[in-house]
Amino acid sequence: MDLRIVFLGTSAATPTDERGLSSIAIARGNEILLFDAGEGMQRNFVRSSLRMNSKMKVFITHMHADHSLGILGLLQTLSLNGRTLPIDIYGEPRLAEFIKYSTRLIGFGLSFDVNLHSIEGEGLLAREDDYVVTCCEADHNVTAYSFCLTELERPGIFDIRRAIQLGIPEGKLYKQLQSGMDIVVNGRMVRSSDVVGPCRPGRKIGISGDTRPTEKLSKFFENCDLLIFESTYAEELRHKAIENFHSTAAEAAKLANQSGARKLVLTHFSTRYRQNKQLLEEARLIHENVDDAHDLKVIHLPYRQ
Ligand SMILES: [Zn+2]
């Protein structure tokens with residue numbers, strides 16, 4: 001299944017001429033999973049190739065304005081563009097309150113249903129047939145969460161040549177074998193493992209939101225194919241990172257190493273960095289596969305070989 005990450009906003013705290021506020025979309029098959037909705041993020045949504053009427057879930061890491069205020073504008077824009085499918089929104093309990101209160105106060109009607117889910121603790125948030133989204137407490141100066149999208153294992157590859165050799169007729173029996181069932185053909189037992197290879201791992205993507213690096217998060221992000229981690233500051237401003245409960249690029253890279261992340265993408269940059277050269281250099285000294293995000297950057301994430 002095709003999976004791409006689209007960065008809709010990559011600036012910390014305030015927007016710049018080149019960067020909007022935090023928002024990351026993961027387009028997976030026909031579904032969009034949105035992580036954070038900073039003010040005005042729907043503008044980049046419109047500019048991207050993301051579709052307004054896709055199945056959609058929105059996860060908000062915390063209630064700071066640069067991560068949550070854009071949710072109203074997003075809902076309004078989706079509605080004015082005729083969205084009909086319901087939308088599921090996950091965040092700490094105040095998010096539901098904020099959305100309910102504001103929509104009533106502003107008095108805008110929506111063309112679709114909004115299902116609000118309050119995050120009351122860590123663990124499983126959403127489950128579909130082939131993936132789960134989980135959350136872990138982050139270390140910020142308000143209640144904040146980090147998220148993981150984890151795809152479930154995929155069945156192994158079906159060896160058609162072997163199946164023909166074994167005289168198995170095409171159709172229903174192929175399906176049974178693929179699903180793990182053993183069958184009997186012409187009085188002979190054929191095990192699923194005779195024709196189906198071992199299960200193949202799905203992909204795992206971690207999203208930090210705003211946080212200090214913690215031991216707990218490095219466990220939570222264990223074995224990510226892609227880790228998207230905030231790097232608000234360069235190493236020379238580590239004291240500011242500590243003071244404001246953020247991370248430096250080097251700290252993000254160190255955590256990515258500890259958790260065994262294959263690729264690290266830095267985002268959420270302080271507006272003092274017009275270019276990310278310094279941040280990238282500092283992170284690349286520690287982790288071998290680091291990239292930086294910019295607005296509307298798209299990353300295609302294939303399955304692990
Ligand atoms: Zn922020």
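The dialogue below turns to helix packing and then to the core.

Modeller: This is a predicted model, in which local features need pLDDT of at least 70, side-chain atom pairs count only at pLDDT 80 or more, and totals for chains, interfaces and linings use all residues. Residues are numbered from 1 along each chain as its sequence is written.

Colleague: At what angle do α10 and α11 pack?

Modeller: Two packed helices are described by the angle between their axes and the distance between the axes. Helices are DSSP runs (H or I, at least four residues), numbered from the N terminus. Axes are lines fitted to C-alpha atoms over the stretch in contact, and angles run from 0 to 180 degrees between N-to-C directions. Here α10 and α11 (residues 277–284) pack at about 30°, with axes 8 Å apart. That makes α10 roughly parallel to α11 (angles under 35 degrees count as such).

Colleague: Which residues in α10 and α11 meet?

Modeller: Contact requires C-beta atoms, placed from the backbone, within 7 Å. Ala 249, Ala 250, Ala 252 and Ala 253 in α10 meet Leu 279, Glu 282 and Ala 283 in α11.

Colleague: Which residues touch the most other members of the largest nonpolar core?

Modeller: A nonpolar core is a set of buried Ala, Val, Leu, Ile, Met, Phe, Trp, Tyr and Cys residues joined through C-beta atoms within 7 Å; buried means 20 or more other C-beta atoms within 10 Å. The residues are Val 58, Leu 264 and Leu 266, in a core of 68 residues. α10 gives the most to this core, with six residues. Leu 264 is in contact with Ala 252, Ala 253 and Ala 283, among others, leaving aside its neighbours within four places in sequence.

Definitions and conventions
Helix = DSSP H or I, 4+ residues; strand = E, 2+ residues; numbered from the N terminus. Parallel < 35°, antiparallel > 145°, perpendicular 65-115°, else oblique. Contact = placed C-beta atoms within 7 Å. Buried ≥ 20, exposed ≤ 12 C-beta atoms within 10 Å, placed from the backbone.
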